[in-house]
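The chain is shown below.

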Amino acid sequence: MDLFIQETVEQILTKMSTPFRKVRLEKKDALTYRVNIESEEPSLLIGHHGENIHALQNIIRVIIWNRKPEEKVNVIVDVDNYRKRQEENVLNMAERKVETVRRTHKEQSLPPMSPYFRRLIHLHLADKFEDI
């Protein structure tokens with residue numbers, strides 16, 4: 001599956017005439033892969049607020065699911081670690097809010113965010129902080 005995903009991403013980028021240096025694949029768990037595209041023009045692949053990354057991720061996921069329907073893997077697409085940095089920033093913000101709650105004993109709220117980031121925060125806090 002690893003090679004299939006990597007070749008699929010490379011073929012799509014080539015057909016889009018999008019310059020890229022390398023496609024790195026990381027298996028996060030049994031059903032989740034993170035694809036990081038190293039690009040000469042990351043802003044083209046990232047798009048406004050990551051819109052192009054999301055669209056590319058959906059296209060890749062549909063292609064993989066259609067070609068290998070027996071393996072419903074999840075593919076997370078990143079460009080030059082843009083998404084990874086966003087995830088780290090969101091988790092750091094959540095941890096700062098936890099510290100504020102512990103210090104002040106008052107509720108804190110987070111800004112509006114995508115379901116993906118809300119789930120990421122929920123899993124992170126549930127795993128790391130027993131009192132929150």
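How many helices and strands are there in the chain? There are 5 helices and 3 strands, where helices (H or I, at least four residues) and strands (E, at least two) are DSSP runs numbered from the N terminus. This is a predicted model, in which local features need pLDDT of at least 70 and side-chain atom pairs count only at pLDDT 80 or more, while totals for chains, interfaces and linings use all residues. Residues are numbered from 1 along each chain as its sequence is written, and side-chain values use heavy atoms, with hydrogens and water left out.

**Overall layout**

Along the sequence the pattern is α-β-β-α-α-β-α-α. The C-alpha atoms fill a box of roughly 55 × 35 × 20 Å, taken along the principal axes. Of the 132 residues in the chain, 34% are buried, buried being under 20% relative accessible area with a 1.4 Å probe and protein chains only. Among contacts (heavy atoms within 4.5 Å) with a separation of 6 or more, 58% join residues 24 or more positions apart.

**Helix pairs**

Two helix pairs are set out here. Axes are lines fitted to C-alpha atoms, for helices over the stretch in contact, and angles run from 0 to 180 degrees between N-to-C directions.

| Helix pair | Axis distance | Angle |
|---|---|---|
| Helix 4 and helix 5 | 10 Å | about 50° |
| Helix 1 and helix 3 | within 11 Å | roughly 130° |

Helix 1 is therefore oblique to helix 3, and helix 4 and helix 5 are likewise oblique to each other; angles under 35 degrees count as roughly parallel, over 145 as roughly antiparallel, 65 to 115 as roughly perpendicular and the rest as oblique. Helix 4 passes helix 5 in a right-handed crossing, and helix 1 passes helix 3 in a right-handed crossing too. A crossing is right-handed if the near helix is turned clockwise from the far one by less than a right angle, and left-handed if anticlockwise.

On the helix 1 side of its contact with helix 3 are Phe4, Ile5, Thr8, Val9, Gln11, Ile12 and Leu13, which meet Leu56, Ile59, Ile60, Ile63, Ile64 and Arg67. By class, these residues are 10 nonpolar, 2 polar and 1 charged, with Ala, Val, Leu, Ile, Met, Phe, Trp, Tyr, Cys and Pro counted as nonpolar, Asp, Glu, Lys and Arg as charged, and the others, Gly among them, as polar. Threonine 8, in helix 1, is buried at a relative accessible area of 3%. Beyond four places in sequence, threonine 8 touches Ile63, Ile64 and Arg67.

**Nonpolar cores**

A nonpolar core is a set of buried Ala, Val, Leu, Ile, Met, Phe, Trp, Tyr and Cys residues joined through side-chain atoms within 4.5 Å. The largest has 20 residues, of which Ile5, Val9, Ile37, Leu56, Ile60 and Val75 touch the most other members. Helix 1, strand 2, helix 2, helix 3 and strand 3 each supply at least two residues of this core, and the largest share, 5 residues, comes from helix 1. A second, separate core of 10 residues includes Met93, Phe117, Leu125 and Phe129.

**Arginine 83**

Is arginine 83 buried or exposed? With 5% relative accessibility, arginine 83 counts as buried. Arginine 83 belongs to helix 4, and its contacts beyond four places in sequence include Arg34, Ile53, Asp78 and Tyr116.

Terms used
Buried < 20%, exposed > 50% of the residue type's maximum accessible area, 1.4 Å probe, protein only.
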